[in-house]
Amino acid sequence: MARRILVGTDRGVFTYDRDASGGWQFGKHALPGWRVDSVVQLPGGRMVAGAGHFAYGTTIRHSDDDGDTWTQAGRTPSFEDGPMPVLPDGTTRKLDAIWTIAPGGPANPEALYAGTDLAALFRSDDGGESWDEVMGLQHHPSRSWWAPGGGGMCLHTILTHPTDPNQLRVAMSAVGFMETTDGGATWHTRHEGIREVETGQPESEVARCVHGVAPHPDDPDRLFMQFHFGVFRSDDGGKAWRHIENGLPSTFGFPIVVTRSGAILIIPLLADLQRYFVDGRLRVYRSTDGGESWGPVSAGLPQAHYYGGVLRGAMRTDLETGEVVFGTNHGELFHSADEGQTWTQLPGRLTRIMYVSLA
Amino acid sequence: MAKATLEVPSLLREFIAGVPGTVPSFEAGSLAEVMPAMRRAFPKLAPHVWDETGALRQHVHVYVGEWNVRWADVPDDAWHDGVRVRVTMAVSGG
């Protein structure tokens with residue numbers, strides 16, 4: 001059972017801790033002054049965060065005392081110190097943010113992955129102290145056609161396989177969804193059924209602006225995707241996708257999660273150039289039939305004159321308890337104890353929430 | 001070889017922390033060696049001051065004494081024992 005909620009914001013990390021009655025209490029504010037694009041707590045207790053600053057750049061920090069003190073990784077993700085500091089066209093690769101941090105899961109318990117902007121995948125096998133880039137991804141034949149989306153060119157989603165340590169799937173904006181089955185040496189795009197977005201690049205194999213991907217907890221090959229234009233389902237590990245949008249007020253949004261019983265949750269925004277809740281109402285859309293139909297959930301959520309949004313890393317579910325948590329770009333944190341059917345706002349109003357995780 | 005003290009904004013102090021009660025310092029043989037010597041002496045500070053091309057980050061300035069190394073034609077005698085090197089964030093950076 002999750003005992004802590006970690007929240008990455010543009011003004012540091014905030015934590016919430018479960019109290020004796022099962023409720024959530026505000027914990028602490030850590031890394032003040034830093035923009036925290038990603039933060040997780042590992043099973044052993046170590047917190048790992050991607051902390052950046054628009055003047056001072058981005059590094060990974062870790063804390064072994066519940067966030068009271070932080071240490072910068074000895075070998076933080078870096079293009080400059082890696083094997084490919086410069087792209088073949090002569091462009092220097094610059095690291096702008098650590099978009100996500102993902103533990104390796106039961107098949108790879110010692111591994112920790114980080115996804116970055118510029119789009120790249122890094123791996124640590126020592127709890128986040130030293131990081132090396134998974135270079136196979138950069139050698140994909142489509143690499144020279146990768147282009148950024150509105151949020152930059154970021155690798156924002158990392159899906160590990162529950163039993164196969166060599167399988168990994170990642171999503172990048174506005175590149176697409178890719179899979180490796182050989183531990184990262186070679187990668188393949190998984191886009192059948194999803195049309196490309198306009199990136200100005202001639203290569204059509206990529207240019208897929210994937211916003212988020214979540215697997216079904218009982219079947220890692222049943223995947224659900226929030227795309228830039230559409231919501232999709234795949235039953236074969238991403239080889240083929242089909243639209244699942246019946247009942248949605250908009251097909252644009254960012255986060256997507258699948259709860260322990262298979263309920264799919266998304267939060268539609270009006271449109272790509274109008275990134276706020278439809279009709280000024282914060283509604284979670286929920287599907288309990290695998291995406292065949294969707295219905296709105298508004299219980300406990302603001303329903304008038306609310307023009308905020310939820311960013312792609314800012315919603316997470318606990319597969320043991322069925323709890324779901326999301327944070328808005330206005331700084332509110334909402335919690336559901338019933339797989340997203342009803343919601344309660346947690347104490348405090350933070351600041352722009354980029355990332356939420358449960359530990 | 002001359003020895004300089006180093007001051008950085010509060011947000012970056014953890015990256016130059018050394019022995020408690022001592023002022024962080026580093027040595028360089030000449031003005032031209034100041035930046036490389038700083039990077040070597042404070043490797044955890046480096047990604048916050050210089051970008052991947054080796055240039056100072058856009059909103060970061062480094063002063064040797066009163067001379068801003070980004071803009072000024074710093075005279076050689078600005079580098080001497082006891083000189084104060086300061087890292088600052090430009091107003092343009094916030």
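Lys and Arg are counted here as positive and Asp and Glu as negative, while His and the chain ends are not counted, and the place of a charge is taken as NZ of Lys, CZ of Arg, CG of Asp or CD of Glu. On this basis chain B carries 9 positive and 11 negative side chains, and the centres of the two sets lie 8 Å apart. The structure is a predicted model, in which local features need pLDDT of at least 70 and side-chain atom pairs count only at pLDDT 80 or more, whereas totals for chains, interfaces and linings use all residues. Residues are numbered from 1 along each chain as its sequence is written, and side-chain values use heavy atoms, with hydrogens and water left out.

Chain B contains two helices and five strands, which follow one another from the N terminus as β-β-α-α-β-β-β; helices (H or I, at least four residues) and strands (E, at least two) are DSSP runs, numbered from the N terminus. The five strands form an open sheet of mixed pairing in the order E2-E1-E5-E3-E4, where two strands pair if DSSP finds at least two bridges between them. Strand E2 (25-28) and strand E4 (67-68) of chain B each have a single partner strand and stand at the edges, so one side of each is left without a neighbour in the sheet. Strand E3 (residues 60-64) of chain B pairs with E4(B) in the antiparallel sense over two bridges, and Val64(B) stands opposite Trp67(B) in E4(B).

Buried residues, those under 20% relative accessible area (1.4 Å probe, protein chains only), make up 44% of the 94 residues in chain B. The C-alpha trace of chain B spans about 35 × 35 × 20 Å along its principal axes.

Key:
Chains are lettered from A and ligands numbered from 1 in the order in which they are written. Buried means under 20% relative accessible area, exposed over 50%, partly exposed in between (1.4 Å probe, protein chains only).
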